[in-house]
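Please open the structure in your viewer and keep the selection tool at hand. The tour below goes from stop to stop, saying what to select and what is there.

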2 protein chains.
Amino acid sequence: MGYDKTDELAINTIRLLAVDATFAANSGHPGAPMGLAPAAHVLFNKFMTFNPKNPDWVNRDRFVLSNGHGCMLQYALLHLFGYALSLDDIKHFRQVDSITPGHPEAHDTPGIEVTTGPLGQGFANAVGLAIAQAHTGAVFNKEGFPIITNHTYTFFGDGCAMEGVASEAASMAGHLQLGNLIAIYDDNHISIDGDTACAFTEDVLKRFEAYGWHTQHVVDGNTDLEGIEEAIEKAKEVTDKPSVIKLTTTIGFGSLLEGTGGVHGNALKEDDIKQLKEKFGFDSSKTFVVPQEVYDLYGKHAAEGAAAEQEWNKLFEKYGEKYSEEHKDLKRRLAGKLPEGWQKCLPTYTTKDPAIASRKLSETVLEKIHEVLPELLSGSADLTGSNNTRWKKAVDFQPPNTKLGDWSGRYIRYGVREHAMGAAMNGLSAYGTVIPASGTFLNFVSYAAGAVRLSSLSHQRVIWVATHDSIGLGEDGPTHQPIETLAHFRALPNMMVWRPADGNETSAAYYMALTSRETPSILALTRQNLPQLEGSTIEGAIKGGYIALDNKEADVTLVSTGSEVSICLEAVDTLKEKHNLKARVVSMPCVEVFDAQSKEYRLSVIPDGIPTMSVEVMSTLGWEKYSHEQFGLNRFGASGPYKDVYKKFEFTPEGIAKRAALTVDFYKDVKPLRSPINRAFQQLI
Amino acid sequence: MGYDKTDELAINTIRLLAVDATFAANSGHPGAPMGLAPAAHVLFNKFMTFNPKNPDWVNRDRFVLSNGHGCMLQYALLHLFGYALSLDDIKHFRQVDSITPGHPEAHDTPGIEVTTGPLGQGFANAVGLAIAQAHTGAVFNKEGFPIITNHTYTFFGDGCAMEGVASEAASMAGHLQLGNLIAIYDDNHISIDGDTACAFTEDVLKRFEAYGWHTQHVVDGNTDLEGIEEAIEKAKEVTDKPSVIKLTTTIGFGSLLEGTGGVHGNALKEDDIKQLKEKFGFDSSKTFVVPQEVYDLYGKHAAEGAAAEQEWNKLFEKYGEKYSEEHKDLKRRLAGKLPEGWQKCLPTYTTKDPAIASRKLSETVLEKIHEVLPELLSGSADLTGSNNTRWKKAVDFQPPNTKLGDWSGRYIRYGVREHAMGAAMNGLSAYGTVIPASGTFLNFVSYAAGAVRLSSLSHQRVIWVATHDSIGLGEDGPTHQPIETLAHFRALPNMMVWRPADGNETSAAYYMALTSRETPSILALTRQNLPQLEGSTIEGAIKGGYIALDNKEADVTLVSTGSEVSICLEAVDTLKEKHNLKARVVSMPCVEVFDAQSKEYRLSVIPDGIPTMSVEVMSTLGWEKYSHEQFGLNRFGASGPYKDVYKKFEFTPEGIAKRAALTVDFYKDVKPLRSPINRAFQQLI
């Protein structure tokens, strides 16, 4: 309370930085920053605790701009509060290699918590951040030691409110009673097509009420700073529900085009900027102006944040004296280190072990490692029994009053909400104290594609336990059988797609997924049983591809993944018997990891001189990179018992051998026959 | 009203067919059919008008089982009412090559309107079917001639209710005031993880109210047939809002495990089936029993439906006398034919025409063809001005009381709801009288991946106007720049991915998209301007790939798409000047269509003897099929003016020429150097 001219000045400074930056870039979105500057000012300067000099402090309040196109709002704030984001960076808004790209990117810009812009994602990330706080607090807070107490705040617009991913996340947050989550809905009535009356006329607050949220409405979000403050204060007081504040604002406040779509996604015109600066009492001949009072005001708050961190550090040190195990554990997690020797818990197998579905093998891994990796949070989008994602003694992450679990629980019931699950996992990972792994059918990871690509782009260690990975799921049929899915995610940069062939490879997949701090993983796992292979080891598999069966005199190399590797091994005998050909077999559980090996190693696996044929029971797209010929399934599958389906499509030793023989014959005249590993030039990375 | 023993018998027959079929298959979902049989009985026998002998009759009521795993409910109904689905088909439930697959597939099974199973899709399909009815009715109905009056009914479960795609669609349907849509929510409190209390505790009806729906609750969905009938009756009376009826049911009604997750996705045990049959008064030693009374009861209703169609045919004939143009138009649409000579309206270009962005070229196509193709319905997910999807004189499809358009409008404001847009387009296409085309950024087609794959699987002619197709969008940056997207959709069977290089190719893309009745299309279009190419023609482009610049003495073939084709053409000069090499250029706007050409033609385009290098500014995945070496972008892009971004990644004549020269050098010792068109064996299709 008690807002004065300096507050107004700060708000207008933010607005004008957004206006100048978008004008300089001749690109970007001035409207949202101009409308939201008052709320941002109140939130950042009155409520949020953070230290710009250490954006990684674990107990900082989190802020997520879900309507990420308004990022100049965030860049302006980060600069004014003293993060490592200079006025020069703002002048390079939307320029190549700047840290102020067109939408906020967490990995590259200090103070950006998560990568947003694709609508709805940030809102769902915020739900993940709030879950992470609630869980981490429950695990580490002790009487007299409120170590983890931060709030998560998010701004979202009409676009986010329309997106299904945000709806799913809001329903989830309501169920989970996340009182630490406060969302501010920018009700500006404008989306790109104009007035929201053309497509979006629902009662948003009533919908959030239906989800179990606490709701408020601030009618004048443009000037009623007290009203905004009161609402946020009240929202903080409600600790058993997430809160949403509908903030009615004027997009592009102050512009000649305020309140219209014209100010959403285009820089303002020169004359408009002129009148705006004059209206706000700024010198219209100058750009990128920051009055010293504004730096001072925000600098003071930043200093308070730094002091708060100092206090916290002291508290945490004392905490360490009393709770040394917890202290050590949290410090380790924050350093991004896994417990020493944890990998010894990974199960290994020999051919004497029975055939087991890799979804079950995955369950065994979780069973074996969950105790030694307390930061691992599992879950499923309502397919727990099918994904095998829950270890026996798991406690659900649930509000205690549900009697279904508690906040310290490590198993999240996401409901049938794949997209929100993916986006929430990004938030969980971004929080810094937990590693999320969650299950659905591989086919339905596609529902979350928008979130998955942001896991990759923002370097989040997120693990998808993607079971029922092919036509091998059988009876559920083509609607559930992935064909295009692995190609899709293999084409996504910074994503590891694993398709293990047996128990050792499943352990290897988890090893790599858990130790790759900056790369998400999809583990494609079978419904059907797979035999334990003779040549498989964790050490081989963590190279992404390795020789499963060697033969120095081979006529052909078969390269395969997952459930087809054992069929390839059988095909070797068929090739011998029926075609008098010798074959070697390569298991390639993860092409991305294989690509990272030395060329020498890769050539030893897929050598020159003989042709290579890939075998994978889905789209062949991309396999040309590792093989001369491809045996796959470039059509939809079929509903039936899986053995019948495999037979229908000739994924049998005979079907493989027949095609391998044709491959040998086809390439016998080519000299030199190079391995596809040899390339004329390097790809850009 | 007035339900008797025969009704009960019919309901129990449906239940037991589901039980017997899932037991025989040892797979499937008996629970939902058992719980929903009463509602299905009332709906189908009292309300729905349809003729099982002609499942294509346009004015039939539509039914969508959004919880498609309960498909035995639908198969049982189809059989009992006399559709071409025999008891033998039911006995082959979930067997290879049956017409009773694990989830309902529209393309293969008579009476199935849309392909469902992936949760939430069917609900959104139903919204599309309802839009199609409202629009078609508005266009064709005349005083005294209520030609198009059908309702759309859908059943959906908790899983669908949790999915974002259904939330988006529900919000859209509420805004659109679709009074012809009646949804029955199977409130059985069970999802795969058990009681919905673990993840789904929102107030569903309140949420639908917030969307603007009419809501009701039938407390006893198991036995209160009168209550179900009254609710549906009331829902039909509400014509200015879509209706949802929450129907509280017991999953697996009658089973020893009723009301538990145990009956959701597994066949019942033998002793359970025994007690169930005895309880229902059936002979427990027999399976797949249909009492004659049930055939008679449903046969009577089917006959009424057939008579209704006869009446309709007469009415439609009379309509033809008075409204011959409309009659002809509707008949043509129903026959799946486009108007004679429509393609003459497609614009053509010469090199004298200016450089134009392909999103603008697409707009010109729509401008030129919308009058001659009245069945074309355009729209956008709130990116109208960016996607350029709206012709100038377009009328919005809106409830007339909004004053923003009317029901005959052909432009749909989908809001920021890409997934629901994709699923609604599937419903629109399935209705049979319209062709949907809608816009979003290419990157956000991924949000709709779940719906897109069902477009392909169910053979729907759906057109995505996917603008901002690459790093060429510039400043919006990596969050918006597709890298993996084209690879994803090229790996999807029965999908045409078009990336036209100029005006003629854009016309060709539309020609193929509109004339391919059973294949959806994604048109990837640029934000930036593209020059009109010398060698481009519609005739060449509709082959999917063609020679854009020939040279009989070429050292290398450059194969490229979209915005990179013109850069490749420039690179030819650079290659000559800097490397003394001759090159030919192939433009390949659609690989799927190219694949369908004769081998002879394909080899003429990508010939033996010289190496081929592909150039496309995104993931190289899949290009190995058409080229020896690939120049692409296997990393995320950058935010900046697009020319700077292209330069950063070397997508310049120099960058291309350099790599082409390395390619020529690398392959000079290989003999014979075969075109990648030559394969050792055919792929299965």
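Begin by selecting helix H21 of chain A, residues 563-579, which gives the most to a negative surface patch, with 3 residues. This is a predicted model, and the patch in it is formed by Glu570(A), Asp573(A), Glu577(A) and Glu654(A).

Next, colour chain A by its domain assignment, which gives domain 1 (5-306), domain 2 (342-530) and domain 3 (542-684). The centres of domain 1 and domain 3 of chain A, taken over C-alpha atoms, are separated by 51 Å.

Continue to the segment after H25 of chain A, where Pro672(A) has its place, and look at the peptide bond from Lys671(A) to Pro672(A), which is cis with omega near -15°. In chain B, select Lys671(B) and Pro672(B), which are joined by a cis peptide bond with omega about -15°.

Stay in chain B and go to the loop between helix H7 (164-176) and strand E3 (181-187), where Gln177(B) is found. Gln177(B) is not a glycine, yet its phi is positive, at about 55°, and with 18% relative accessibility this residue counts as buried. Finish at Asn388(B), in the loop between helix H14 (384-387) and strand E10 (411-413) of chain B. Asn388(B) has a positive phi near 55° and is buried, with a relative accessible area of 8%.

Key. Residues numbered from 1 in each chain as written. Chains lettered and ligands numbered in written order. Predicted model: local features only at pLDDT ≥ 70, side-chain atom pairs only at ≥ 80, totals over all residues. Heavy atoms only, no water. Patch = residues over 30% accessible without salt bridge, like charges linked within 9 Å, V, L, I, M, F, W, Y side chains within 5 Å. Areas by Shrake-Rupley, 256 points an atom, 1.4 Å probe, with all protein chains shown as cover. Salt bridge = Lys/Arg side-chain N within 4 Å of Asp/Glu carboxyl O. Lys, Arg positive; Asp, Glu negative; His and termini not counted. Charge placed at Lys NZ, Arg CZ, Asp CG, Glu CD. Helix = DSSP H or I, 4+ residues; strand = E, 2+ residues; numbered from the N terminus. Domains from an automatic or database assignment. Buried < 20%, exposed > 50% of the residue type's maximum accessible area, 1.4 Å probe, protein only.
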